[in-house]
Amino acid sequence: MNEEKIIQVENLTKKFGDFTAVKGITFDVYKGEIFGFLGANGAGKTTAMKMLIGISNPTSGKANVAGFDVLSQSEMVKKSIGYMSQKFSMYDDLTIKENITFFGGIYGLSRKQIKQKITQLVEELELQEVINNLVGSLPLGWKQKLSFSVALLHEPKIVFLDEPTGGVDPITRRQFWEMIYTQAYKGTTIFVTTHYMDEAEYCDRVSIMVDGAIEALDSPKKLKEQFQVDSMNDVFLKLARNIE
Amino acid sequence: MKRFIGFVKKEFYHIFRDKRSLFILFGMPIAQILLFGFAITNEINNVEIAIFDQSNDVETQKIINKIKSSPYFNVENQINKESDIEKEFKKGKIKAVLIFERDFSKNLQTKNVAVVQAITDATEPNVANTIANYTSAIIQNYQSQKKQPKTNLVKVEVQSRMFYNPELKSVFNFVPGVMTVILMLVSAMMTSISITREKEIGTMEILLVSPIKPFQVIIGKVFPYIFLSIINAIIILLLGFFVFKMPINGSLLLLSFESILFIISALSLGILISTISDSQQTAMMLSLMGLMLPVIILSGFIFPINSMPLPMQIISNIIPAKWFIIIVKAIMLKGVGIQYIWKETLILIGMTTLFITISIKKYKIRLE
Amino acid sequence: MSISVQNISKSYKSIQAIDDVSFEVNEGELFGLIGPDGAGKTTIFRILTTLLLANEGNAKVLEFDVKQDYKAIRNSVGYMPGKFSLYQDLTVEENLTFFATIFGTTIEENYDLIEDIYVQIEPFKKRRAGALSGGMKQKLALCCALIHAPKVLFLDEPTTGVDPVSRKEFWQMLKRLQQKGITILVSTPYMDEASLCDRIALIQKGKILKIDSPSNIISKYDKVIYDIQSKNTHGLIHDLKNYSSHYSVYAFGEFIHYIDTNQNFNPNDLQDYLQQKNHTQIIIKPAQTTIEDVFMDL
């Protein structure tokens, strides 16, 4: 990890009518870092993330992602990030190969590049046997690994992962995190939004959002020390109690 | 019983809280009746025509006045030269031009034959056809009024009299038709959607794992829609009666009984659809494609069954709507009693029993 | 015995959802089915709540057979399906009243059972269920499942997608219900919730891997696990996997869980090895065994 800031957020605010969903949040994310963006459902996580990936305009404040302003250069922002959500990852009724080709096309890869990527992925994920199988027929764990790879097809500087490992079996989950570590090691910044606190334990640094504001931001280790508890889950519980 | 009432109450909450569906539910029959009654019609009214009177004598003036006084035509203008005819058509306002030949009166008196030519704009063939028929009717009528036995302009006069709907008002056909379509739509589609919605959101699981019995669920689902459908039927009949002067010659009681019978058969079809579909979307597609289209096309509502190819005629027999339309027309227009429509009624009863039996049999007490 | 399951199997088309599953739940027990998505938890719940028929095997709930006596079971159990299954367009109060009526009871009759849960959502009783937060929806669903004072409660993944505070409260509510004598079968994909149950069945790919109390499962695990950390996690995983005597290497929160094949494993040797590989800020210390560690080793 180095000190180059890849995401800079300053006083970012989003209002819907009278309701302020995101209340002037400020934070930085460094290059190659695994950054956990935590909060309960409805805490403003998704709204904040939508602003960072350039699909929702901030009411006020500034955010710079991969060197581009999210408001005025949202198209450039979208080109430099990858996105993977647990809900929508890939088309179940297309084969693995068709999915990769399709998403490669969307991200503007040339036919040659797509071919290279397919060969590379087949090797890395050991897909030889299943490359022509429908994605729908794969186990959940494979789908997740695959959609992570798809989010990386265009070699983005930052990948946004939305609750990536909820409900997966423990071993597949580890394999998934190993993929994330490898990617971070290669210099890709990983931005994980989740409300599963145990997912937070794997991150380099985490921020915890409560009611639209960031209430804590540090490494899991330091947060646990600060709140004198054993798990991120308890950090969250204490934090929520303090605010009430 | 308490369970049942609780269930029905809940159904009404669903119905009244879904403002959009409610609007469609009651807006649609009104819109459809008005649409069919006013816009989609075979009648013509106030058609703009032009006249090219080359004779300009007493007879032609009389005929023109007659045409002017009819509600069907507005005489827009007089044309003075032949080359103007096409110009007028091209402007688009004029739908027909009547051309009286030179020396019209003279010819009529001397040769017993005078020619009126009607040129119509056949870009709308139906309209053109109707205009031609109406004009010739008016002229024939004029002719017969002249009471000149000697001249005998038209030797054989075809006299047709239309029974029950002497003015051939198409709305008399559409009111029963629209009523059938609406009742089918409300009853079948709404019930099938409301049952599959419970499957989709998962509440069906909880209902199954509860002491409430399947038939209680079904009747509880169906009951509110019987109620809504009856209201709909009443709205349609009132509109037909007050706006379009559609008579109800027969017994209102019999009409209500037959309507409720048809509503129940449609509801059981809805339940049947819900047993084979897992999502609201499938239920809607099945109701629309599987019920609405046959009802509109094969019931005799829009296309006369007699002019269909034989296989279609045979298929039309399994459409409950066909029998209901026959019944409704018989009661409303002919004013007949049950002795004339017992056969159709029996067929409807038979179909309804069949649908109910199948849907109760197919209704699952488990998830698969 | 409140629930007894004997050699149940169930397949959908070509997929074997559960394969020869047997377990028993004692009266008044809080029993957990722990396993990832797709392990077959929901299928077991549906068979026990009489919603599905098993292909093979027998199951009884409160001594009633799930196939023959399904009506009796439906009268006496409470069920909360995995998905939030209440009427979103009905208010909190209307939902509860509705479920009370179809179970032939009233809110007042069993109010003492739901009281401490219901008071938390009562301020919002005029609000439509669809407008509630995740935690409140879950409380309402629990109230609805309890309204007829069932003897057995089936809760399929009740805490999925719910924030930590609500999760914690939910488990406290379950404990209180258990004290009132209700037998509870609960499923969850979260291994950390396993320790809150009296006994658990670890389940994966349709098979039960182990049944025991959480503490027994941990104490009977005979391998020693080490927490290992260094500055470069990616490299650490890679190097540990290349260490000749490694048994398993798994990322585990901020640490790597490492198990060695060697009985006389000396952490200092590993320390030296990692230093050779240029790792810095190395930590090696014995780790707490968790249910998740055991699960991964089954």
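What share of residues 3-230 of chain C is helix, what share is strand, and how far apart are the end C-alpha atoms? Select that span: it is 32% helix and 28% strand, and its end C-alpha atoms lie 48 Å apart. The UniProt annotation "domain: ABC transporter", from an unreviewed entry, covers these residues; such annotations may be inferred rather than shown by experiment, and feature names are shortened, with positions given in the numbering used here.

Before moving on, a quick note: this is a predicted model, where local features need pLDDT of at least 70 and side-chain atom pairs count only at pLDDT 80 or more, while totals for chains, interfaces and linings use all residues. Residues are numbered from 1 along each chain as its sequence is written, and chains are lettered from A and ligands numbered from 1 in the order in which they are written.

Now select all of chain C. You'll find 10 helices and 14 strands (DSSP runs, numbered from the N terminus: H or I of at least four residues for helices, E of at least two for strands). Its C-alpha atoms fill a box of roughly 70 × 45 × 35 Å along the principal axes. Of its 298 residues, 48% count as buried, meaning 20 or more other C-beta atoms, placed from the backbone, lie within 10 Å of a residue's own.

Next, show chain B. Of the 2 pairs of chains that touch, B and C have the most contacts (residue pairs with C-beta atoms, placed from the backbone, within 7 Å). Chains A and B don't touch, with their nearest C-alpha atoms 17 Å apart.

Last stop: color domain 1 (2-40 + 169-362) and domain 2 (47-145) of chain B. Their C-alpha centres lie 47 Å apart.

Methods
A residue is buried if 20 or more other C-beta atoms lie within 10 Å of its own, exposed if 12 or fewer, and partly exposed in between; C-beta atoms are placed from the backbone. Domain bounds come from an automatic or database domain assignment.
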